[in-house]
Amino acid sequence: MKFSWLGHQEEITFSQRQVLLAGILGWMLDGMDAMLFSFALVSIREEFHLSNTQAGALASITLLTSLGGVVFGVLADRIGRVKALSYSILTYSIFTAGLARAQSLFQLFLWRGLVGFGLGGEWAAGATLVAETWPARHRGKAIGFMQSGWALGYLLAAGLSAVILPRWGWRPLFMIGILPAALTFWIRRALSHLEPPRAPKSSKEGFFGVTSLFSPEWRGTTFLATCLATFVLFAYWGLFTWIPAYLSMPLEKGGAGLSILKSSAYVIPMQLGSFCGYFLFGILSDRYGRRPVFSVFVAVAAVVVTLYGNLSHSPMALLVLGPWVGFFGHGFFSVFGALLAELFPSSFRATAQAFCYNGGRALSSLAPLTIGWVADRHGFGGALGISAGFFLVSALIIYALPETRGKELTV
């Protein structure tokens with residue numbers, strides 16, 4: 001069967017397309033469940049009388065507990081990518097719905113922490129599965145297309161928030177978070193026979209398969225990949241956790257003064273830009289390399305984020321600049337699925353992806369808290385400038401890692 005991929009004819013099987021579809025849907029619903037909280041943040045903040053710092057801490061706890069996603073990475077290496085993917089989706093779906101029952105700040109922290117555990121595992125299992133089943137020539141494009149599911153999930157969260165929040169409040173919004181659980185039945189039925197072969201485990205890797213990450217051969221790569229994830233995810237979560245609140249917060253409190261409905265509408269063109277950014281990054285990185293394309297994306301993101309944070313007085317400027325914030329501020333994500341898969345061998349590939357990515361996400365958990373703290377004191381313009389600085393540093397860190405474009409994945 002011939003499959004046309006942006007003008008290139010390549011033998012792409014039906015099974016490979018099924019794997020990609022599962023990755024897209026899983027990441028889309030991951031994004032939806034994660035971003036429902038960002039849209040509900042102002043309502044939750046008002047009901048529980050929280051400061052920006054406390055509200056930021058609620059977002060931070062989910063990022064911190066995402067390090068628990070390493071467990072799903074280990075499971076993916078031990079019992080298979082498909083099973084681990086299903087379990088992770090089931091986990092974040094159930095706990096997102098549980099958030100609707102929170103009656104205290106402690107319960108909010110508890111449920112958000114449990115959600116992070118599941119969110120952290122879905123990406124590692126899904127990205128590894130896609131990377132291992134697609135040919136090297138088109139791996140970046142496939143991963144980019146998978147990552148674009150996050151933009152679709154963000155749009156879905158924006159649409160649901162615009163409809164539900166003004167009428168019924170934030171609790172019914174989170175009840176919808178249980179819906180992704182239904183996807184796990186299709187994944188297990190359709191993909192169970194597509195599990196890539198896994199290399200036998202060495203006794204040196206230990207029961208959890210983590211030991212190899214810190215062996216003399218791999219610890220330098222593990223450290224640098226985790227540093228890259230930490231810096232760029234600090235920039236990302238510090239920015240996008242607060243954008244819905246920034247748009248809907250009153251002008252006198254440092255926001256843009258838009259209504260919840262209007263701020264959701266502003267997010268739509270931003271996420272359309274994000275979708276294009278994910279996909280185009282994959283195309284460009286397959287052609288020009290992972291490192292140079294990543295550096296350009298995050299360097300430009302630093303510039304547009306700085307402008308965006310200082311335009312709260314001009315709604316039209318925010319609307320025009322939004323798609324570019326989405327394009328450059330999201331597109332770089334596509335590097336992780338391909339780069340991390342190409343850096344590590346099959347025997348502990350999913351564990352490595354889970355550790356480096358979720359380790360960085362856990363360390364970046366200070367970002368929403370930091371941005372909220374700075375915004376309380378200096379406004380969102382200065383606060384988002386911190387995200388811009390972290391984008392710039394990450395543009396340099398990636399050059400400490402090898403270029404992996406076109407690398408064949410071996411067992």
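Trainee: Let's start with histidine 378: buried or exposed, and at what relative accessible area?
Mentor: Before the number, note that this is a predicted model, where local features need pLDDT of at least 70 and side-chain atom pairs count only at pLDDT 80 or more, while totals for chains, interfaces and linings use all residues. Residues are numbered from 1 along each chain as its sequence is written, and side-chain values use heavy atoms, with hydrogens and water left out. On relative accessible area, buried means under 20%, exposed over 50% and partly exposed in between, with a 1.4 Å probe and protein chains only. Histidine 378 therefore counts as exposed, at 61%.

Trainee: Which helix holds histidine 378?
Mentor: Helices here are DSSP runs (H or I, at least four residues), strands are E runs of at least two, and the numbering goes from the N terminus. Histidine 378 sits in helix H16.

Trainee: How far is the C-alpha of histidine 378 from that of isoleucine 178?
Mentor: These two are 200 residues apart along the chain.

Trainee: What about serine 312 and glycine 381, how far apart are their C-alpha atoms?
Mentor: Serine 312 is in the loop between helix H12 (290-308) and helix H13 (315-331). Its relative accessibility is 19%, so it counts as buried. Glycine 381 is 69 residues away along the chain, yet the C-alpha separation is 8.3 Å.

Trainee: What is the phi of histidine 49?
Mentor: Histidine 49 lies in the loop between H1 and H2, and at 69% relative accessibility it counts as exposed. Though not a glycine, it has a positive phi of about 55 degrees.

Trainee: Zooming out, what radius of gyration does the chain have?
Mentor: The protein chain has 16 helices and two strands, and its C-alpha trace spans about 60 × 45 × 40 Å along the principal axes. The radius is taken over C-alpha atoms, and the globule rule is 2.2 Å times the number of residues to the power 0.38. For 411 residues a compact globule would be near 22 Å, and the chain agrees with that at 20 Å.

Trainee: How many aromatic pairs are there?
Mentor: Rings of Phe, Tyr and Trp (its six-membered ring) pair if their centres lie within 6.5 Å; under 30 degrees between planes is stacked, over 60 is edge-to-face, and the rest are tilted. That rule gives a count of 30.

Trainee: What class does the pair of tryptophan 27 and tryptophan 150 fall into?
Mentor: It joins distant parts of the chain, with tryptophan 27 in helix H1 (residues 14-47) and tryptophan 150 in helix H6 (residues 139-168), 123 residues apart. Both tryptophans are buried. The centres are 4.9 Å apart and the planes make 45 degrees, a geometry classed as tilted.

Trainee: And the pair of phenylalanine 234 and phenylalanine 390?
Mentor: At 8% relative accessibility phenylalanine 234 counts as buried, whereas phenylalanine 390, at 23%, counts as partly exposed. With 4.0 Å centre to centre and 15 degrees between the planes, the pair is stacked.

Trainee: Which arginine lies over the face of phenylalanine 37?
Mentor: The test asks for NZ of Lys or CZ of Arg within 6 Å of the ring centre and within 35 degrees of the ring normal. The one over this ring is 3.8 Å from its centre, and it is arginine 112.

Trainee: How much space lies in the largest cavity?
Mentor: On a 1 Å grid over the protein atoms alone, a cavity is a set of points where a 1.4 Å probe fits but cannot get out, and lining residues have an atom within 4 Å of a point. Points are joined across faces, edges and corners, and the volume is what probe spheres set on them fill. Three cavities of 30 Å³ or more turn up, and the largest holds about 110 Å³.

Trainee: Which residues of its lining are closest to its centre?
Mentor: H1, helix H2 (52-65) and helix H5 (105-133) each give two or more residues to that lining. Of the 14 lining residues, the closest to the centre are Ala59, Thr62, Leu63, Arg112 and Trp237.

Terms used. 1 Å grid on protein atoms, 1.4 Å probe; cavity = no way out; pocket = protein on both sides within 12 Å on 5 of 7 lines; lining within 4 Å.
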